[in-house]
Amino acid sequence: MAVGKEILTKIRSVQNTQKITKAMQMVSTSKMRKTQERMRLARPYAEKVRLVMSRLAQASDKEHGIKLLEEHKSLQRAGFILITTDKGLCGGLNANILKKFLMQVQEYQSQGIEVDVVCIGSKGLAACQRIGLNVIASVTNLGDTPKMEMMLGPLTEIFQRYEKHELDTIHIVYSGFINTMRQEPRMEVLLPIGQSVFEGMGDGKYNWDYRYEPSSSAVLEYLVRRYLESVVYQALSDNMASEQAARMVAMKAATDNAGNAIKELRLVYNKSRQAAITTELSEIVAGAAAV
């Protein structure tokens with residue numbers, strides 16, 4: 001019965017693994033609801049900042065001198081804000097993000113354009129360090145409830161490089177949450193800010209405007225920075241919701257696969273046990289016949 005004992009040991013091992021994956025699935029389900037709520041709550045703030053920016057852009061002089069709104073004439077160096085997860089066991093989420101990111105990096109490098117990266121999340125940081133990309137700043141271990149204060153340092157670094165013309169464009173790469181079963185990697189141009197940000201917001205229904213102090217340009221400069229930070233926070237919220245959804249689906253699949261493995265092992269165990277019993281009976285019968 002040595003074979004039977006080995007099979008029983010395997011069954012217990014798979015059962016223990018199934019308990020872990022089931023618990024992780026339940027935890028991810030609970031966290032996913034919270035991250036989805038955080039994702040929905042982040043959107044109204046970004047839309048309101050965008051609305052005020054649109055009115056300010058109309059009120060400000062064209063020569064406002066705001067460097068974050070300037071569009072550089074040539075593209076010599078590109079920056080990326082790469083958002084990934086800190087933990088694994090979430091299916092192909094990080095792999096899909098990195099695949100989209102590396103395709104764009106290879107395209108830039110083939111054109112002789114240098115690349116700088118700000119990594120949010122340990123998985124992306126490890127991947128960039130492994131392939132030798134220039135990581136100018138990073139932040140990891142954000143936890144389940146990310147705080148904007150932790151990201152201000154890396155974001156300030158990459159935005160200042162754009163203002164100093166050390167970077168000519170900035171992309172943000174993350175996983176967009178569509179629904180529980182579907183998340184897709186996204187890459188968006190964060191800087192320069194496109195005209196689509198301002199279009200459609202100033203509808204011209206009112207012939208009045210606010211009075212801005214100290215000036216509309218000064219307020220616009222402040223709001224541009226807040227808007228960019230809100231876009232990054234929204235992308236991070238999307239990525240976290242995608243992470244929990246992907247982990248929930250992956251852990252459910254692992255739990256189901258463990259159940260199937262247990263069924264197959266039990267069938268093998270029962271067959272081996274029946275074979276052992278049959279062999280013993282045959283030996284008893286043969287012994288009795290010999291006597």
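Which residues of α4 are buried? They are M148, M151, P154, L155, I158, F159 and Y162, where buried means under 20% relative accessible area, exposed means over 50% and partly exposed lies in between (1.4 Å probe, protein chains only). The model is predicted, so local features need pLDDT of at least 70, side-chain atom pairs count only at pLDDT 80 or more, and totals for chains, interfaces and linings use all residues. Residues are numbered from 1 along each chain as its sequence is written, and side-chain values use heavy atoms, with hydrogens and water left out.

Let us begin with the overall plan. The protein chain has 5 helices and 5 strands; helices (H or I, at least four residues) and strands (E, at least two) are DSSP runs, numbered from the N terminus. Of the 291 residues in the protein chain, 41% are buried. Contact means heavy atoms within 4.5 Å. Among contacts between residues at least 6 apart in sequence, 78% join residues at least 24 apart.

Now find the sheet. Its 5 strands stand in the order β3-β2-β1-β4-β5, forming an open sheet with mixed pairing. Because β3 and β5 stand at the edges with a single partner strand each, one side of each is left without a neighbour in the sheet. From one strand to the next, the twist averages 20°. Strands of a sheet pair through backbone hydrogen bonds, either parallel or antiparallel. Here, two strands count as paired if DSSP finds at least two bridges between them. β1 and β2 run parallel and are joined by 7 bridges; within this pairing, G79 has D116 in β2 as its bridge partner. β1 and β4 also pair in the parallel sense, over 5 bridges, and I81 has I172 in β4 as its bridge partner. β2 is mostly covered, with 6 of its 7 residues buried.

α4 lies across β1, β2, β3, β4 and β5, running at about 150° to β3. Another helix, α5, lies across β1, β2, β4 and β5 and runs at about 40° to β4. For these angles, axes are lines fitted to C-alpha atoms, for helices over the stretch in contact, and angles run from 0 to 180 degrees between N-to-C directions. What covers the buried residues of α4 includes β1, β2, β3, β4, β5 and α5.

Next, look at some aromatic rings. A pair of aromatic rings is described by the distance of the centres and the angle of the planes. Rings of Phe, Tyr and Trp (its six-membered ring) pair if their centres lie within 6.5 Å; planes under 30 degrees apart count as stacked, over 60 as edge-to-face and the rest as tilted. The structure holds 2 aromatic pairs. In one of them, F80 and F101 have ring centres 5.3 Å apart and planes at 85°, so the pair is edge-to-face. This pair links distant parts of the chain, with F80 in strand β1 and F101 in helix α2, 21 residues apart. Both F80 and F101 are buried, and together with Y108 they form one aromatic cluster.

S28 lies in helix α1 and is buried, with a relative accessible area of 2%. Leaving aside its neighbours within four places in sequence, S28 is in contact with Q244, R247 and M248. S175 lies in strand β4 and counts as buried at 1% relative accessibility. With the neighbours within four places in sequence left aside, its contacts include L93, I97, D238 and S242.

Finally, visit the loops. N141, in the loop between β3 and α4, has a positive phi of about 55° although it is not a glycine, and N141 is exposed, with a relative accessible area of 60%. H165 lies in the loop between α4 and β4 and has a positive phi of about 65°. A cis peptide bond joins L191 and P192, with omega about 0°.
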